[in-house]
Amino acid sequence: MEVLERFMRRALELARLGEGYTRPNPLVGAVIVKRGKVIAEGYHARYGGPHAEAVALARAGEEARGADLYVNLEPCSHWGKTPPCADRIIAAGVKRVIVATRDPNPLVDGRGLEKLRAAGIEVIEGVLEDEARVLNEIFFYWVRTKRPFVSLKLATSLDGKIATRTGESRWITGGRARRRAHELRRRHAAVLVGVNTVLADDPELTVREVEGPQPLRIVLDSGGKTPPSARVLNGAAKTLIAATGAMPHGVEEELRQRGAEVRRFPARGGRVALEELLAWLGEREIDSVLVEGGGEVAWAFLSQGLVQKLYLFVGPVIIGGKEAVSAVGGEGFSTLAEAHRFEIHEVERLGQDLLIVARPKSSVD
């Protein structure tokens, strides 16, 4: 099993190289091994491009015959933008296929493995399955629900504040934490804030600290408060202004002239109905949303049970003050029994800061 895990770990490493470029397709890496040595590797580099298995098999050529193929996700068995990988594996004469996890896509979901076994290929499942499922958690959620996977990112002081009483928030965390935040932006198809964050901080909401594609920038702006000079309208990435019927038509037209897409959604309590927004994004194959702020937006997503994962960056500073801005606003829960509980999965040190990764208890398998 140690040998199997070693080569599968390499497949997972390769898969991560496609982060941000393959969506809404999964991240997949493949390693071909013969007589204990790697003879070819490949990964799915971009949406619409060749799959990891196809890349590795092409590089291996005739050497693939009688070899082992390691892949972190079940090979597809259907025609999409590319031919079925299972057919390619059979034609190449691979002797054994080691798979981390099955593909939950209804078009695959076991059919790829069945086809391989029917062709006489030995199949081993479940090698580093937990790691593989975490790697493709966004794809797994989106393909099952057709809704975006929602991650909530918070950067707080030790006492849970995201800004001082005067609104100062730069910077609570250090450079390494900010770089990781940009990695999260690259990982997600969209990044979302409320219009109050635009007014207070004027963020650009782009990937800058790392290389990668730019996410769709989403601003929740029910009534049209986004100023035409806001950096989210600078053309560095696409921007969606999610509004309601309360936005004046003149403001809508001005925002469109600045290059933004403006979409009106039903209102709930005077604000954009988040369920309607997420359903619409899912229809557009936006598989993931990183919610970055502020406190009222965080509360709206949390209180409605719309968060699948929490990234909490904590800086070593105490801000204090009753009027300082808390990480999560809203009314709050009146009892601990009502409060949403999370299960911590990772704690990582980033310089002097901490990153806590957690999931709502109800979503933990």
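Which side chain is joined to that of Glu 204 by a polar contact? Keep this in mind as you begin, remembering that the model is predicted, that local features need pLDDT of at least 70 and side-chain atom pairs pLDDT 80 or more, while totals for chains, interfaces and linings use all residues. Residues are numbered from 1 along each chain as its sequence is written, and side-chain values use heavy atoms, with hydrogens and water left out.

Select Glu 204 in the loop between helix 8 (195-201) and strand 9 (216-220); helices (H or I, at least four residues) and strands (E, at least two) are DSSP runs numbered from the N terminus. The side chain of Glu 204 is joined to that of Asn 234 by a polar contact of 2.9 Å, a term for a pair of N or O atoms within 3.5 Å, where within protein one must be able to donate a hydrogen and the other to accept it, and residues adjacent in sequence count only if both atoms are side-chain atoms. Glu 204 is buried, with a relative accessible area of 16%, where buried means under 20% (1.4 Å probe, protein chains only).

Next, select helix 3 (residues 85-92) together with helix 4 (residues 111-118), which pack at an angle of about 20 degrees with their axes 9 Å apart. Helix 3 is therefore roughly parallel to helix 4, a description used for angles under 35 degrees. Their contact (heavy atoms within 4.5 Å) involves Ala 86, Asp 87, Ile 89 and Ile 90 of helix 3 and Gly 112, Lys 115 and Leu 116 of helix 4.

Key:
Axes fitted to C-alpha atoms, helices over the stretch in contact; angles between N-to-C directions. Parallel < 35°, antiparallel > 145°, perpendicular 65-115°, else oblique. Buried < 20%, exposed > 50% of the residue type's maximum accessible area, 1.4 Å probe, protein only.
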